[in-house]
Amino acid sequence: MATIELVNIAHAYVPGQYAVQDINLKWEEGVSSALLGPSGCGKTTLLKIISGLLKPTEGDVLLDGQRVNELSPKERNIAQVFQFPVVYETLNVFNNLAFPLRNRGIPEDKVKSRVNAIAEILELTHVLKKNAARLGAAEKQLISLGRGVVREDMAGILLDEPLTVIDPYQKLHIRRKLKQLQRELELTMIYVTHDQHEALTFAEQVTVMNTGEALQTGSPADLHTHPQAPFVGYFIGSPGMNIFDASLSGHTVTAGELSIDLPASTKADYSGAKMEIGIRPEFIVVHRDEQADAFICDVKNAYLTGNARILDLVGAGLQFKARVGDMSPIRQGERVWVRFPAANTVIYANERAIPTADKEAIA
Amino acid sequence: MKIRDNKAWFFVLPALIVMAVNAFIPFITVINFSIIDVFMNLPAVSVGMENFYTVINDDLFRGAFVRQVGFSLLILLIQVPLGIAIALALPKKSIWATLSLIGLGLPLLIPFNIVGIIWRVFTRADLGAVPALFSVFGYQYDVAQNAVDAYWTVVVMDVWHWTPLIVLLAYAGLSAIPDAYYQAAEIDGASRWRTFLFVTLPRLRSVLTIGILLRFMDSFRIYTEVFLLTGGGPGSTTTFLSDVLVRKAVISFDIGYSAALSLIYFFVILVVSYVFFLVLTSVGTNDDEAVPE
Amino acid sequence: MENLDRRKLIVRGLLILYFIFLFAPIIWMLSMSFKTNSEILSSKLLIPQNFTTANYAEIIEDPQWRESFAVTLTYVITNMIVTLAVALPAAYAFSRYSFRGDNHLFFWMLTNRMAPAAVFLLPYFELYSAIGLFDTPWAVSLAHTLFSIPLAVWILEGFMSGIPKAIDETAYIDGYSFPGFFAKIFLPLIGPGIGVAAFFSFLFSWVELLMARTLTGTVSKPIAVQLSRSLGAEGWDWGVIAASGVLMIIPGAILIYFVRNYLAKGFALGRV
């Protein structure tokens, strides 16, 4: 496996229109990572740049520190698993897995042992003799994956939304196999998806992308508690972070009827900047009875989801969602008292989170 | 999943009626004729399989049959690889691609007798460019009297005429192969040849099956073009099965013979086509038992 | 990289060579069509020295030629229409339903395509004479349907199977009657398929000669048979033959130009 790095990568399919820009990312050897973002955010473009199927119009692609822009995918030793399973229809499963090895002239006994080893991890041993085209989508995708890892000198494995055509009840199995494979073989794996659940449960390191930019890279926990961009906060979480447009006056940021002061340690000048305030639904404090430093809200809707109840609230000139326990007795049409704890409130200026120290309570 | 419903027969009925009139009646007629013998104005006499024996033992038939088999085999061996090769070489999705496809379609849309005439004119000593071209290289080309020249001219004419069909089919098939397959093969380190063998060919299976079946059936029944180009000669060098059938049926009015020949002819095509079909649709689909342990 | 460019060049070169091979006979005939008979027999230059359109004039002004053209067009188009009309419901049945004998029927239909045309000469001659359709374009078109229906059903069935049954079911739920659904929803969806099937039907009828000649006599003559009229006193009227050959290619060329998009899409989508 290798360390993969993108330095100042930008790519324009059509001159002047950048699909991705300002990309500076690094994936350490053996780390499982995800590229997360909505359709069209550029993640597939990045994947193709990494694998070598696409040459970036600007920037460098480094493998273990070496610039590899000119190398083909074959020369980079990077495997890719596609959205739909790709198998060689006239070969059986064994020969499919053996294909990459035989193409390189690996001796047959080595081929045998390696293929059997991989087949065992992927639980494909019982179908090795079967013609690959006859199997279901899930097994075929495992075969594609197996072909990617069967060679021992791979630099990395890229997966482009590999669960797209897999039946829901088989997705868990594939994901478990992926994780098992990644851990056992210590693979550098980059998993591209628009599904946050897939990304957050699979990867140790997640990069959130939108409109061609890499907004934030970090652990799932990090992205959850400290989203550096409003989009990151909004995209991650179910439901995502509440984002309010705000205005700055002196040292105070105001959204609706609520205001919060900038951290005392703030040195930058944000006058004229686009201000936003964000807070996650699960961090909002909701009381049924009157509280001192809380504001009144009407419950427009209250619905159950999974093991929590989501409240659509309107108050203090704002509309937002709050998350409470599923046993909560709060119902539609009631009035509640709400507090936004300052510690969980994030202030964004020009779509970047303002560095925080301690803040006073918001009221 | 298809619904099981015998009322579907009503949908098929119109086609069945039209075809039945055109098929059953002649078919029965032919069977009838094949087992009778008509001599002068005497009433027909049933002679069982006698006509069939006559046909099979007839030198004219045997010669034409062997020639026909050789011809069809040659045609398939030339046109299929050539057609695929051209389809692979064609540009994709540009104005040139469109123009090429239109140009390729032309030979397919020319009435068969015009094809024969075009090539007759093209190769005649007094009218055509081909003899002149050959004499530049010192070869005395004579399609009328040289058996080798005649035979190969017929082959070249058919290649000219029908290769575009394979090209068009293969081209359509190729454009249906998603890029991901080629990308995966590249990542897997496959050479160009192995990519062709394991990605391209398998994915061209259905169009190639149709192409091979059509080409076999049609080349085995070839008539008009050859007739106009060489008339079956010189001698019987280019006399194929259809020629014999037409001669016996329409010119000598040998009803028994031609009816029996028709049935044999049809039967051969049927069986061989079926065999082709079975082989082509099952290659590479069976579970491989020969896995090294 | 140099090897790759050189290989591309060789491939391009061979491709161009093939296209020269493809167009050469046609261009030769084109050049002949603009020459007088004496020039044709005397010189073998590509460019006519005495350019003439007399050959074409002779064809276009002769009412017999125009009649034959009409006859040919009649049976070709009739074949196309009848074929499509019966093939569409049949293909629908094969695509959506399984019924007793369906595989056998499908195979039987295909086998008709395999029969040598010569087999049918005598029987058709008798059949259509008996019905009184001999020497009319209708005989030819009906005879041709035997061969074009199987291919049309094959092609259409492939396309129809590509349309999910869910669409049929949704239409019924929305209250469409079957004819309404078929005409307004289904047919537009398989447009390219119909185009491909129509193309092949036209193609087959246009080029088939043996049956066309056998089933027609003096009144209705396919245009290709008209060529034999060009046997003048001095031998074959080569200039006119060449000109008529060129004219016979033109409808096909026009047709393929119009359906080029359909064909590409159709080929890609359908079983073809």
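The model is predicted.

**Entry 1: strands in chain A**

I began with strand β16 of chain A, residues 295–305. I looked up one bridge here: A:Cys297 has A:Val336 in β19(A) as its partner.

Next I turned to strand β17 of chain A, residues 308–315. β16(A) pairs with β17(A) over seven bridges, in the antiparallel sense. On this side I noted that A:Asp298 stands opposite A:Val314 of β17(A).

I then checked the hairpin formed by β16(A) and β17(A), which has two residues between the strands. A:Gly306 takes a positive phi there, near 60°.

**Entry 2: helices in chain C**

I moved on to helix α7 (residues 137–161) and helix α10 (residues 191–207), both of chain C. Two packed helices are described by the angle between their axes and the distance between the axes. I found that the axes of α7(C) and α10(C) come within 9 Å and cross at roughly 160°. Angles over 145 degrees count as roughly antiparallel, so α7(C) and α10(C) are roughly antiparallel to each other. The crossing of α7(C) past α10(C) is right-handed.

I listed the contact residues last. Those in α7(C) include C:Phe147, C:Leu151 and C:Ile155. In α10(C), C:Val196, C:Phe200 and C:Phe204 are among them. I asked how the residues of this contact divide by type. There are 10 nonpolar, five polar and no charged residues.

Technical notes:
Residues are numbered from 1 along each chain as its sequence is written. Chains are lettered from A and ligands numbered from 1 in the order in which they are written. This is a predicted model: local features need pLDDT of at least 70, side-chain atom pairs count only at pLDDT 80 or more; totals for chains, interfaces and linings use all residues. Two strands pair if DSSP finds at least two bridges between them. Helices (H or I, at least four residues) and strands (E, at least two) are DSSP runs, numbered from the N terminus. Axes are lines fitted to C-alpha atoms, for helices over the stretch in contact, and angles run from 0 to 180 degrees between N-to-C directions. Angles under 35 degrees count as roughly parallel, over 145 as roughly antiparallel, 65 to 115 as roughly perpendicular and the rest as oblique. A crossing is left-handed if the near helix is turned anticlockwise from the far one by less than a right angle, and right-handed if clockwise. Two residues are in contact if their C-beta atoms, placed from the backbone, lie within 7 Å. Ala, Val, Leu, Ile, Met, Phe, Trp, Tyr, Cys and Pro count as nonpolar, Asp, Glu, Lys and Arg as charged, and the others, Gly among them, as polar.
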